[in-house]
Amino acid sequence: MPEPRVALVTGAAGGIGRASALALAEAGWDVALADVREAAGAAEAVRVLGRRALAMALDVTSKAGVEAVVARILAEFGRVDALVNVAGVVGFGSAAEMPEAEWDRVLAVNLKGTFLACQAVIPAMRAQGGGRIVNIGSIIGKNGGNARPWLDRAEQQRSGSAAYGVSKAGVHALTFFLAKELAADNIAVNAVAPGPIASAMTTTFPDALKALIPVGRMGTAEEVARVVAFLAAPETGFVTGEIVDVNGGMWMD
Ligand SMILES: NC(=O)c1ccc[n+]([C@@H]2O[C@H](COP(=O)([O-])OP(=O)(O)OC[C@H]3O[C@@H](n4cnc5c(N)ncnc54)[C@H](O)[C@@H]3O)[C@@H](O)[C@H]2O)c1
């Protein structure tokens with residue numbers, strides 16, 4: 001990858017997305033920041049670090065939307081060396097009882113959005129001789145959810161996260177498939193699977209669950225971002241098809 005390297009970070013207005021954009025900027029990357037919410041603040045923080053930044057509105061569930069974002073990056077920066085798929089929504093409800101609409105909403109953003117963004121960057125990465133894709137999965141995509149036996153049955157159903165977990169397991173599987181499909185193109189594809197990270201998504205995370213984290217605290221967005229930057233680096237291209245846990249010891253596999 002010639003300098004300056006260019007990354008697209010989706011969900012860049014959020015906790016992990018913004019931290020990932022900044023970690024990449026610190027490592028010398030220019031960054032395109034895309035989100036349904038305003039990402040101008042995160043873009044300005046990238047510029048403060050001396051890198052170019054481009055903030056764009058994007059709904060990752062739109063194929064035309066992600067294609068337009070990639071086209072604009074190619075027009076403005078000339079290349080796209082890494083895609084970091086951070087955009088995501090939390091979902092609630094048990095698999096047995098959640099409404100169909102909730103299932104569709106969560107799968108559309110977390111899984112289909114990741115799939116569409118990957119498809120949108122692959123032609124450019126192939127044409128330029130390589131690239132990196134880093135997806136954000138989740139501990140919940142591996143462990144069947146964090147059990148909360150202290151809740152009554154109705155509350156357990158409300159606080160379940162089955163669609164979310166299934167979407168993230170899908171992200172892990174998509175990572176495996178793309179890693180094999182794209183290995184010969186010098187495109188490494190990996191995922192980070194965070195445990196509970198302090199962010200807008202986890203403001204209601206219960207203390208009883210926090211107590212189950214072996215390191216005794218929630219993680220930080222910066223701790224996830226460090227791993228994102230490592231997996232995006234040109235020097236780590238032999239790491240591919242890997243799901244890296246960042247979960248304080250809460251789940252090991
Ligand atoms: N916080 C955690 O504990 C945790 C744990 C495991 C995985 N994750 C994953 O990390 C990622 C980032 O989460 P976060 O904690 O920073 O939460 P966050 O809510 O701060 O960030 C998520 C961002 O995604 C954006 N987004 C939502 N729908 C979108 C769409 N359709 N198109 C474009 N952008 C959209 C939001 O606007 C937001 O800025 C998510 O994929 C989440 O599932 C978070």
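Analyst: A crossing is right-handed if the near helix is turned clockwise from the far one by less than a right angle, and left-handed if anticlockwise. This is a predicted model: local features need pLDDT of at least 70, side-chain atom pairs count only at pLDDT 80 or more, and totals for chains, interfaces and linings use all residues. Residues are numbered from 1 along each chain as its sequence is written.

User: In which hand does H1 pass H2?
Analyst: Helix H1 covers residues 15-26 and helix H2 covers residues 40-48; helices here are DSSP runs of H or I, at least four residues long. Their axes come within 9 Å. The crossing of H1 past H2 is right-handed.

User: Are H1 and H2 roughly parallel or roughly antiparallel?
Analyst: The two axes cross at roughly 20°. Angles under 35 degrees count as roughly parallel, over 145 as roughly antiparallel. H1 and H2 are therefore roughly parallel.

User: Which residues of H2 meet H1?
Analyst: Contact means C-beta atoms, placed from the backbone, within 7 Å. H1 brings Arg 18, Ala 21, Leu 22 and Ala 25. Their partners in H2 are Ala 42, Ala 45 and Val 46.

User: How do H4 and H7 lie relative to each other, and at what angle do they cross?
Analyst: H4 spans residues 100-128, and H7 spans residues 162-182. Their axes come within 8 Å. H4 and H7 are therefore roughly parallel. The crossing angle is roughly 15°.

User: In which hand does H4 pass H7, and which residues of H7 make the contact?
Analyst: H4 passes H7 in a right-handed crossing. On the H4 side, the contact includes Trp 103, Leu 107, Phe 115 and Ile 122. H7 contributes Ala 163, Tyr 164, Ser 167, Lys 168, Gly 170, Val 171, Leu 174, Leu 178 and Leu 182.

User: Is Ala 108 exposed or partly exposed?
Analyst: Ala 108 is found in helix H4. It touches Thr 61 and Gly 113, not counting residues up to four places away in sequence. A residue is buried with 20 or more other C-beta atoms within 10 Å, exposed with 12 or fewer, and partly exposed in between. Ala 108 has 16, so it is partly exposed.

User: How far apart in space are Ala 108 and Arg 126?
Analyst: In sequence, Ala 108 and Arg 126 are 18 residues apart. From C-alpha to C-alpha, the distance is 26 Å.

User: Which residues does Leu 33 touch?
Analyst: Neighbours up to four places away in sequence are not counted for Leu 33. The residues touched are Val 9, Ala 12, Ala 21, Ala 39, Ala 42, Ala 43, Ala 53, Leu 54 and Ala 55.

Notes
Axes fitted to C-alpha atoms, helices over the stretch in contact; angles between N-to-C directions. Helix = DSSP H or I, 4+ residues; strand = E, 2+ residues; numbered from the N terminus. Parallel < 35°, antiparallel > 145°, perpendicular 65-115°, else oblique. Contact = placed C-beta atoms within 7 Å.
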